[in-house]
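Here are a few worked exercises on pockets and surface. Have a go at each one before reading the solution.

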Amino acid sequence: MGNSFQVQDRFADGAQYIGGRLRPGTSGRSHDVVNPATGETVYTYELASTADVDAAVAAAREAFPGWSGASPAERSEAMHRFAAVLAGQADDFAYAESLQCGKPVRLSTEFDVPGTVDNTSFFAGAARHLEGKAAGEYSGDHTSYVRREAIGVIGSIAPWNYPLQMAAWKVLPAVAAGNTIVLKPAEITPLTSLMFAQAATEAGIPDGVINIVTGAGKDAGEHLVGHPDVVMTSFTGSTAVGKRVAEIATSTVKRLHLELGGKAPFVVFDDADVEAAVNGAVAGSLINTGQDCTAATRAYVQRPLYDAFVEGVAALMESVRLGDPFDPKTDLGPLISHAQRDRVAAFVERARAYATVVTGGEAPGGELAAGAYYRPTLVTGAAQDSEIVQSEIFGPVLVVLPFDTDDEGIGLANDTPYGLAASAWTRDLYRAGRATREIKAGCVWVNDHIPIISEMPHGGYKASGFGKDMSAYSFEEYTQVKHVMYDNTAVARKDWHRTIFGDR
C-alpha cells in the first residue's frame, strides 16, 4: 500500500477538530507522531490547551439542541451516509492507522477499518430503535411509558492501541442516541480519529456534533473529564489511569463508563482440540502485537495436553514473520513505541529469575533494529502469584501454566483483579457451560478467542471496569431513562390523598 496522502499536508491546519474544522492547538507545546516501525516522525502538531477543550465543549453544547431534536430517522440517515464515506476512504484509513501504530496492513485492512465501517452501519440502524418498556396501566389508574433521552455533551478518552476503532466505539453510540461529543484520542495516535471526525462532517453530520481535542492527559484529558458542561465521561485505558478519571468524574457527579485493563485467561481442558487451541492461543496472544486488553495472556492447560500445547505454541510463534507493516507478508509489527517495547522486555527479563522463556524474549536486530519490535514470547514455569501472571504486560507475551482438575482451572482463571475477557477450550457441552457461567469476565469465548461483533456488548468485571461498548446495550450508558405517568381517572380527590389529608 502506497502513501495515499502526505500526513503533514493533510493536517496542516492542526490536530484539533472543533465545530467542523481543523485548527491548531494553543498549548504552546508541540508533539511528534512517530512511526514505531522506523522511529521516524510523520507529523508534528501543537497540543490542545484547556482553552481548546473549552472551545470544543462549547461547540458540542451549541450543536446539542439541534442534533438531539432531530428525529431518529434523520440521525440514522446521516450515520448511514457516514458509513458510506468511511467505506470509500478505507485505503486512507488503513494507511494512516498502520503508519501511526505500526499495525501490519493486513490487520488494518481486514480488521480495524471494516470493523469500524460495520460498527457505523450498526449504529445507523440502532438510532431508530431506542426502545423502552411498553406503555401500560401498571398502577391501574395511570398510563406509564418510558422515554429515552439524550443526556448532553459527552467527554470521552480513547487509547492508542486501536485508535480508529476506539474512536468509533466512543462516538457512535453517543451520537446515535442524540448526544454530542468531545473525544480526546491518545496524543501519539491522533490521525485516524481526526479523519473519522472529518468523514462525519463530509457525510452531513452537523458541525459540533463530533469534536476532537488532541492533548496530554494531565492537561486536556483531566480538564475534559472535570468540565462542568460535560455530563458523562467514557474512558478506555489502563486501570491506574481509570482510577484517576473516576476521581475527577465522581467529584462532579458525572455519569461514568470505564473499560480498563485485562489479563485474559485461556483455559484448555483435556478434551480440547489441541491444534485448534494452539492456533487460537498464538493468534489471540499476538493480535496487534499483544496490545489488546482482551488478548490471551494466561493459558491454563490441563496436564494431559500441557506438553503438546507448549511445544505447538513455541513452534508456531517461531514461524511468525516480523517486518515492515506495509508488506502484506508481515504477520507482526512493532509495539507502539520504544518505551512500550522496553516495558514489555523488562517484564520478561524479571521473569527469567523465576520462570523459563521458551522462545522469544528479545528484540530482533538487523533491519528491524530501528523499530520497536519484540519477538513473540512464550513463558512457562511461573507461579500463579508472580508478576508476569498477575500484571498486564500489553505485548506479545503468553504465559502457560498447567492445572489438574476443572475446579482448579476455573479458579486460576478467576485469580487476578481483572475480568474483561476469557476463553474456554473443550468439546464437552457441560464443561463449556460451566466455564461460561463461572469465569468472571464480560466476554467468554468457547473454542475461539478475540472475535467481536457490533451486535454484542463489550465490557468488563472487577478491575476491568463497568459499562458496555457496542451493541444496543451501550445505549444504557448514553441515554437518560425517564418515566412518564398520566392520570386516567380525571378524579380530583384521589383515594391515596387520604394518607395525607386524613378522612375528612
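**Exercise 1.** Find which residues lie nearest the centre of the largest pocket, then work out what its lining is made of.

Solution. Start at the middle: Pro159, Trp160, Thr236, Gly237 and Ser238 lie nearest the centre, out of 47 lining residues. Next, look at the elements that give two or more residues to this lining: helices H6 (163–176), H8 (217–226), H9 (239–251) and H12 (338–351), plus strand E9 (230–236). Now sort the lining by class, and you get 23 nonpolar, 15 polar and nine charged residues. The space in this pocket comes to about 1,000 Å³.

Some ground rules. This is a predicted model, with local features needing pLDDT of at least 70 and side-chain atom pairs pLDDT 80 or more, while totals for chains, interfaces and linings use all residues. Numbering runs from 1 along each chain as its sequence is written, and side-chain values use heavy atoms, leaving out hydrogens and water.

And the terms: a pocket is an open set of points on a 1 Å grid over the protein atoms alone, where a 1.4 Å probe fits, with protein on both sides within 12 Å along at least five of seven lines; lining residues have an atom within 4 Å of a point. Volume is the space filled by probe spheres set on the points. Helices (H or I, at least four residues) and strands (E, at least two) are DSSP runs, numbered from the N terminus. Ala, Val, Leu, Ile, Met, Phe, Trp, Tyr, Cys and Pro are nonpolar, Asp, Glu, Lys and Arg charged, and the others, Gly among them, polar.

**Exercise 2.** Do likewise for the second largest pocket, and say how much space lies in it.

Solution. The space is about 480 Å³. Its lining has 20 residues, with Arg106, Ala283, Leu286, Ile287 and Asp331 closest to the centre.

**Exercise 3.** Is tryptophan 496 buried or exposed, and what about threonine 192?

Solution. Find tryptophan 496 in the loop between strand E21 (479–487) and helix H17 (498–501). Its relative accessibility is 55%, so tryptophan 496 is exposed (exposed is over 50%, buried under 20%, partly exposed in between). Threonine 192 sits in helix H7 (residues 191–202), and is buried because its relative accessibility is 0%.

Methods:
Buried means under 20% relative accessible area, exposed over 50%, partly exposed in between (1.4 Å probe, protein chains only).
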